[in-house]
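Hi,

Here is the structure I promised to send over. Have a look at it first, and my notes on what turned up follow below.

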Amino acid sequence: EYQEPSVYEERYLKLISALGKGNFGSVELCRYDPLDDNTGELVAVKKLQHNTAEHVRDFQRESLILRSLHNDYIVRYKGICYSVGRRNFQLVMEYLPNKSLREYLPINRDRLDSNHLLLYASQVCKGMQYLGSQRYVHRDLASRNILVENVNHVKIGDFGLTKILPQDKEYYVVKLRGESPIFWHAPESLSDSIYSCASDVWSFGVLLYELYTYSERSCSPPAEYLRMMGSHNSQQAVCCLVELLREGKRLSAPPCCPLKVHKLMLSCWSHLSSERPSFRELELQINQFRDIH
Ligand SMILES: C[C@H](Nc1nc(-c2c[nH]c3ncc(Cl)cc23)ncc1F)C(=O)NCC(F)(F)F
């Protein structure tokens with residue numbers, strides 16, 4: 001059921017706690033309590049840290065994208081809060097009671113079997129199919145950007161790096177890449193800043209790896225790739241990673257990861273973007289792996 005976005009008055013937003021820091025903003029847990037009796041609803045409020053002109057423009061772009069997304073597997077945008085005086089504004093999002101998947105997996109690993117991990121993977125595929133149908137490229141798919149509604153429901157939660165594909169092209173060339181997380185990026189994104197649904201599929205493969213390692217830091221993508229790369233300083237890291245990927249080196253199967261799931265990850269990590277599966281094909285494959293019958 002479609003819910004009209006609303007305007008929130010800053011004076012009724014009561015800060016409860018900080019949830020985390022994103023690309024250029026922070027998110028706080030607040031209670032919107034106009035009756036001032038603590039019966040108001042809990043919301044997640046995204047705000048800019050430093051309102052430089054560029055950050056404000058990116059924030060406005062992110063809010064336009066968030067407003068346009070309506071899907072069960074994408075965090076819901078609830079409305080906007082204009083800060084009195086300052087030309088800044090805050091985005092009011094639905095609050096998901098659990099942390100991101102990156103925090104949730106290690107804490108709950110004993111009760112999450114392969115079936116649960118595949119359920120989360122198929123839900124992210126559904127969200128990504130919807131995103132692709134709106135001609136959006138996410139560019140930052142990772143367990144830290146997936147939120148947990150409950151043990152049977154996750155949602156894609158951050159769109160800070162999302163770009164809209166132009167009408168005439170199926171890929172997006174990013175001018176300045178910023179400090180985006182290189183170990184989730186496809187080779188063509190690392191070497192030529194080219195992003196597409198196929199590069200999102202590469203990142204999804206890394207997310208699948210994170211699921212099966214339960215986001216354990218000791219075997220995280222950065223930890224594993226840095227082990228493969230030997231010690232390099234950060235600017236050489238990209239070239240070294242591009243070379244290592246060109247040679248066909250890939251993350252190895254996490255312990256107790258079914259062979260067929262690792263093969264699915266490897267298909268997402270095809271060097272040629274055209275050889276990677278679509279999110280539709282991934283969802284079908286993943287559903288076959290799940291014993292839901
Ligand atoms: C910077 C913020 N970081 C965090 N947010 C939350 C969170 C819990 N519950 C939430 N409900 C709605 C929102 Cl928008 C965030 C949270 N938990 C831990 C965090 F580190 C964030 O937005 N992260 C991206 C994504 F949301 F996808 F995880």
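The ligand is surrounded by 19 residues, where a residue counts if one of its heavy atoms lies within 4 Å of the molecule. The closest are Leu19, Leu96, Arg144, Asn145 and Gly157. A polar backbone atom of Leu96 sits 2.7 Å from a nitrogen atom of the ligand, and a polar backbone atom of Asn98 is 3.5 Å from a ligand nitrogen. Taken alone, the ligand exposes 530 Å², and the protein buries 94% of that (areas from the Shrake-Rupley method with a 1.4 Å probe). Strand E2 (13-21) and strand E8 (146-150) are the elements that give two or more residues to the shell, and E2 gives the most, with three residues. Helices (H or I, at least four residues) and strands (E, at least two) are DSSP runs, numbered from the N terminus. By type, the shell divides into seven nonpolar, six polar and six charged residues; here Ala, Val, Leu, Ile, Met, Phe, Trp, Tyr, Cys and Pro are nonpolar, Asp, Glu, Lys and Arg charged, and the others, Gly among them, polar.

A word on the source: this is a predicted model, with local features needing pLDDT of at least 70 and side-chain atom pairs counting only at pLDDT 80 or more, while totals for chains, interfaces and linings use all residues. Residues are numbered from 1 along each chain as its sequence is written, and side-chain values use heavy atoms, with hydrogens and water left out.

Next, His116, which lies in helix H3 (residues 114-133). Its relative accessibility is 18%, so His116 counts as buried (under 20% relative accessible area; exposed is over 50%, partly exposed in between, with a 1.4 Å probe and protein chains only). The His116 side chain makes a polar contact with that of Asn152, at 3.0 Å (N or O atoms within 3.5 Å, one able to donate a hydrogen and the other to accept it; residues adjacent in sequence count only if both atoms are side-chain atoms). Beyond its neighbours within four places in sequence, His116 is in contact (heavy atoms within 4.5 Å) with Arg111, Val151 and Asn152.

Which residues of helix H9 (residues 279-289) are buried? They are Phe279, Leu282, Glu283, Ile286, Asn287 and Phe289. Seen down the axis of H9, these fall within an arc of 150°, so they line one face of the helix (the arc is that of the directions from the helix axis to the C-beta atoms). Their cover includes H3, helix H5 (197-212) and helix H8 (259-268).

Best wishes
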